[in-house]
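Work through the exercises below with the model open. Each task is followed by a worked solution.

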Amino acid sequence: MGCCGTSASSPDTQYANRVQPVNNGIISQQPGPHPGAQHHVQPFVEKSPLLIPSGPSPPPQSLHQNNRSITSAPWIHTPSPPPQGPNYSTPLSPNPGNAPLTPPPATYTPSGPSSSTMFSPPLMHPDPIHVPSSNYSVAPSISTTVVTSARIDPAPSSEGKMSISIDFGTTFSGVAYGSSRIASGKIQQILHWPGSFETFRKVPTCLLYDEHGQVIAWGLEAKNSSSMPGTTRCEWFKLFLEPRALRDESAIDPRLPQLPPGKTAMDLIVDFLSCLWEYAKEQITRDIGAVADLNSADVLVTCPAAWDAKGCDMMREAAIAAGLVQSAHAGDGNWRDRLRIITEPEAAAVHCARLTDLHKLKPNQNFMICDAGGGTVDLAVYKIIGQMSNLEIAEMCARSGANCGSLFLDLRFRELVKTLLADHPAHLDPASLAYFMHSFSQTDKLAFRGESDDDTYFNFTCFNVQDPHDSSVGLINGELAIPGNLIRREVFDPVVNQVLEMIEEQSRKVEQRIDALLLVGGFAGSEYLITRVEAQFSGRIKVIARPSDADTATLRGAALYGLSRKSIVSTVIAPRSYIMKVKLPAEPEDWAKRPAYIKENNANVPICDNRLQYLVMKGAILRKGQILKTKFCKFSQDGQDCVFVAVLYTSDSDRMMRYTDEGETMELCRWTVNLSSLPTFQHNASIPQPNGFFTGLLMYLLLKDLKFELGLEIDSAEVRGVLFYEGQEWSRVVFDFLN
């Protein structure tokens with residue numbers, strides 16, 4: 001039995017992304033920086049939880065992990081292999097369970113010590129963990145301790161309900177929407193934006209603040225504004241929610257612009273989403289020529305694949321704060337559920353899987369999505385299940401992502417210019433550097449062809465007319481001339497090589513053949529990138545393609561996902577392990593390996609501290625809506641002792657660890673669980689018991705009839721907690737990481 005708990009201006013005609021017929025598959029370019037734009041560059045007190053096993057299952061011969069067989073030392077708590085799941089040869093469809101009960105909810109509170117005192121710690125019985133299958137060609141392994149949530153696959157509440165998607169990008173963002181009553185259900189995009197009479201599929205993710213911290217412009221108007229005293233232009237702030245940046249501020253890329261004084265990245269995201277959403281509501285109403293009920297619309301917001309649950313939850317909180325969803329009427333208690341966070345490659349896969357004329361894929365074939373955007377590159381592999389008329393796809397391996405989008409070409413180009421002109425400071429002020437970056441981004445970044453351009457000189461006009469000539473560094477008559485081979489080596493190759501290595505690594509995760517590689521996102525418009533990808537992978541992957549609308553594939557796929565009213569992506573792969581730190585009765589292995597961790601409790605039972613209990617192994621195959629349950633038994637001193645804290649950790653390690661000192665684990669969240677509403681607790685608390693009592697345990701010595709369980713639901717981007725009582729859902733919560 002395990003325990004994780006403790007007590008309680010005018011249009012710029014050079015912009016190339018305006019809507020126009022596309023017949024060559026090259027992605028049209030988004031508007032870039034304006035010339036002269038200035039770039040700015042409580043302690044937790046743990047008590048002593050107790051976990052006692054209820055009767056271990058015999059361990060399997062080995063655990064298969066990332067296609068490697070790991071034979072662990074004999075361990076009484078090694079989980080039994082879960083039963084075999086559904087076969088991929090037939091379509092998968094969720095199997096909703098019984099409707100949940102609606103008693104008073106358990107509360108989630110920020111980390112911190114509980115005010116209750118405990119005579120003895122709570123008890124928990126760990127269920128078998130979910131481990132990844134050793135061969136993805138067979139049916140996924142699914143534990144019997146799983147509940148399929150009816151919330152994941154809801155039936156449409158009303159015909160014609162609106163689905164709105166927001167692709168919040170590092171450099172550009174967009175809005176799409178759809179309804180069965182609009183344009184025969186086809187996805188529509190907002191194309192008209194403030195600051196231009198022309199049409200653009202996306203708008204710059206950019207804000208302009210005054211000296212008081214108030215937003216005075218956003219999108220195109222902020223991007224195109226001239227530098228004014230007392231104002232601050234902000235962009236690229238999405239990268240501050242990257243997992244490493246959230247865990248350690250020193251990990252933030254120093255090349256990113258500084259945030260305005262008194263502002264956090266969350267403030268900027270909320271401000272931008274607020275501006276985007278208010279305009280989107282007005283524009284959708286104008287586009288459809290009617291007053292739309294947008295307050296009851298389903299809203300889907302995309303996020304990078306590499307983000308962990310904390311970053312995704314912060315995006316959820318920002319979206320709610322920006323008003324993307326709100327109560328539509330009296331008694332609308334589930335309005336927050338209308339907001340969904342979906343990973344970018346998952347959304348892109350939904351869009352691309354339907355492009356049968358492009359990829360020629362058939363059921364049971366696999367395809368990889370390479371979503372190369374402005375800030376991040378995300379990769380995921382999916383299998384098409386069933387018939388294309390009733391599309392369903394399954395994730396085949398843990399998705400991955402990294403900060404190596406096209407923005408990093410701009411940053412490397414800026415560093416190259418600074419190096420070449422180190423002895424010419426007249427060209428190194430922020431306005432001059434921004435002008436160089438603007439010229440590179442708008443003219444050469446996507447059109448650069450690589451080695452065929454090695455002997456070509458690329459000329460960039462200097463913003464500053466002073467110091468116009470020094471042929472030794474390429475300054476000739478007010479222009480900076482840079483040879484193509486230097487641009488390739490210093491700007492493109494480091495970034496493109498990283499993308500290629502990511503594709504290689506993702507391919508190695510799948511034991512089956514990949515039939516198609518589909519490149520989407522703005523960076524997918526790079527001629528050099530697509531050339532390198534084809535050169536390296538065309539011998540192994542039959543179809544390498546780039547949709548004509550690749551820069552909006554994620555946006556349109558998210559709207560399509562919401563409009564379908566069902567989980568098109570039926571299974572996902574756990575991108576990391578989810579673990580609880582527990583205390584367990586000492587076993588011979590603990591005495592041999594970690595005797596310093598063993599202490600006797602008040603009942604003179606040797607207890608081993610710093611043990612790890614896995615709920616889900618990295619790489620495990622999970623059906624959308626599955627809830628992984630772990631049985632608990634809590635000891636309470638009296639009726640006031642009704643609260644404990646479940647601490648959830650994550651690990652990116654591919655191996656299973658027994659102790660906390662074996663590898664890096666990161667605390668993900670703490671869920672304060674209140675048992676006071678459970679009938680068993682209320683009954684026991686009403687009876688005078690000087691020695692305390694157990695909740696969820698009728699026969700302590702036999703450890704049977706455990707009544708309440710904590711469940712973990714892992715969606716593609718979010719993690720939720722669920723409290724079960726006698727097998728029925730009692731309450732749920734999306735963890736509040738912000739506090």
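**Exercise 1: the end of helix 3**

Solution. Helices here are DSSP runs of H or I with at least four residues, strands are runs of E with at least two, and both are numbered from the N terminus. Now take the helix itself. Helix 3 has 24 residues and reaches 34 Å from its first C-alpha to its last. That is close to the 34 Å expected at 1.5 Å a residue. The expected span is 1.5 Å times one less than the number of residues.

Some ground rules apply throughout. The model is predicted: local features need pLDDT of at least 70, side-chain atom pairs count only at pLDDT 80 or more, and totals for chains, interfaces and linings use all residues. Residues are numbered from 1 along each chain as its sequence is written, and side-chain values use heavy atoms, with hydrogens and water left out.

**Exercise 2: helix 3 against helix 4**

Task: state at what angle helix 3 and helix 4 cross, and list what makes the contact.

Solution. Step one is the geometry. The axes of helix 3 (residues 265-288) and helix 4 (residues 309-321) come within 8 Å and cross at roughly 45°. Axes are lines fitted to C-alpha atoms, for helices over the stretch in contact, and angles run from 0 to 180 degrees between N-to-C directions. Helix 3 and helix 4 are therefore oblique to each other. The cut-offs: under 35 degrees is roughly parallel, over 145 roughly antiparallel, 65 to 115 roughly perpendicular, and the rest oblique.

Step two is the handedness. The crossing of helix 3 and helix 4 is right-handed. Right-handed means the near helix is turned clockwise from the far one by less than a right angle; anticlockwise is left-handed.

Step three is the contact (heavy atoms within 4.5 Å). Helix 3 supplies Met266, Ile269, Val270 and Leu273, and helix 4 supplies Met314, Met315, Glu317, Ala318, Ala319 and Ala321. By class, the contact of helix 3 with helix 4 has nine nonpolar, no polar and one charged residues. Ala, Val, Leu, Ile, Met, Phe, Trp, Tyr, Cys and Pro count as nonpolar, Asp, Glu, Lys and Arg as charged, and the others, Gly among them, as polar.

**Exercise 3: helix 7 and its cover**

Task: say which residues of helix 7 are buried, and what covers them.

Solution. Start with the length. Helix 7 (residues 407-420) has 14 residues and reaches 20 Å from first C-alpha to last, close to the 20 Å expected at 1.5 Å a residue. Its buried residues are Leu407, Phe408, Leu409, Asp410, Leu411, Phe413, Arg414, Leu416 and Val417. Buried means under 20% relative accessible area, exposed over 50%, and partly exposed in between (1.4 Å probe, protein chains only). The cover includes helix 8 (430-444), strand 19 (457-461), strand 21 (479-483) and helix 9 (484-508).

Now look at helix 9. Helix 7 and helix 9 pack at about 145°, with their axes 9 Å apart. Their crossing is right-handed. From helix 7, Phe408, Leu409, Arg412, Phe413, Leu416 and Leu420 meet Leu486, Glu490, Val491, Phe492, Pro494 and Val495 of helix 9. This contact of helix 7 with helix 9 divides into 10 nonpolar, no polar and two charged residues.

**Exercise 4: a loop histidine**

Task: decide whether His427 is buried or exposed.

Solution. His427 sits in the loop between helix 7 and helix 8. Its relative accessibility is 0%, so His427 counts as buried. Leaving aside neighbours within four places in sequence, its contacts include Phe436, Cys462 and Asp467. His427 and Cys462 are 35 residues apart along the chain, yet their C-alpha atoms are separated by 7.2 Å.
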